[in-house]
Amino acid sequence: MWTYPPHKLLVAVDFGDASSRALRVAGDLARAFEATITVVHAETFEAPPYFTREQLRVIEQQRRAARRDAVHYLSKAAAQLAGMEVTPIVADAPPADAIL
């Protein structure tokens, strides 16, 4: 259900320039309406069935590193919104599912 003014804002980020702008706008809106912000990044990867165990191991290491980088980025984004209540989420799900 839609409420005005909003009390919670959700910002989905993909780490591009548009995401940075969206965070700034969300910060302005949150300040104006005394709202909280949830910042979410979502991605999922399913390895093809023909990958070897070694390839799967390498992919999993890369995925863990990418997740750490995502958490670091979201923490920096939260710092950009200093003094505001920000909840960072890194979801291992398709983006549309994580957003909904």
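The legends below describe close-up views of a predicted model.

View 1. Three strands make up an open sheet, arranged in the order 1-2-3 with parallel pairing. Strand 1 and strand 3 are the edge strands, each of them pairing on one side only, and the twist from one strand to the next averages 20 degrees. Strand 1 and strand 2 run parallel and are joined by five bridges, and within this region alanine 12 stands opposite valine 40 of strand 2.

**View 2. Helices packed on the sheet.** Helix 1 lies across strand 1 and strand 2, and its direction is at about 175 degrees to that of strand 1. Helix 2 also packs on the sheet, where it touches strand 2 and strand 3, and its direction makes about 165 degrees with that of strand 3.

View 3. Helix 1, formed by residues 17-33, has 17 residues and reaches 25 Å from its first C-alpha to its last, which is close to the 24 Å expected at 1.5 Å a residue. Ser19, Leu23, Ala26, Gly27 and Ala30 are the buried residues of this helix; seen down the helix axis, they fall within an arc of 105 degrees, so they line one face of helix 1. An α-helix has 3.6 residues a turn, so residues three or four places apart point the same way. The buried residues of helix 1 pack against strand 1 (8-12), strand 2 (36-42) and helix 2 (53-80), whereas the face turned away from the buried side carries the exposed residues Asp17, Asp28 and Ala32. Just after helix 1, glutamate 34 takes a positive phi of about 55 degrees.

**View 4. The largest nonpolar core.** This core has 16 residues, and of these Leu23, Ile37 and Val39 touch the most other members. Two or more residues each are given to the core by strand 1, helix 1, strand 2, helix 2 and strand 3 (86-91). In soluble globular proteins, nonpolar side chains tend to be buried together.

**View 5. The surroundings of valine 39.** With its neighbours within four places in sequence left aside, valine 39 is in contact with Val11, Val13, Leu23, Leu74, Val86, Thr87, Pro88 and Ile89. One of these partners, Leu23, is among the buried residues of helix 1, and both Leu23 and Val39 are named with Ile37 as the core residues that touch the most other members.

Technical notes
Residues numbered from 1 in each chain as written. Predicted model: local features only at pLDDT ≥ 70, side-chain atom pairs only at ≥ 80, totals over all residues. Heavy atoms only, no water. Helix = DSSP H or I, 4+ residues; strand = E, 2+ residues; numbered from the N terminus. Expected span 1.5 Å × (residues − 1). Buried < 20%, exposed > 50% of the residue type's maximum accessible area, 1.4 Å probe, protein only. Arc of directions from axis to C-beta. Contact = heavy atoms within 4.5 Å. Core = buried A, V, L, I, M, F, W, Y, C linked by side-chain atoms within 4.5 Å. Pairing = 2+ DSSP bridges. Axes fitted to C-alpha atoms, helices over the stretch in contact; angles between N-to-C directions.
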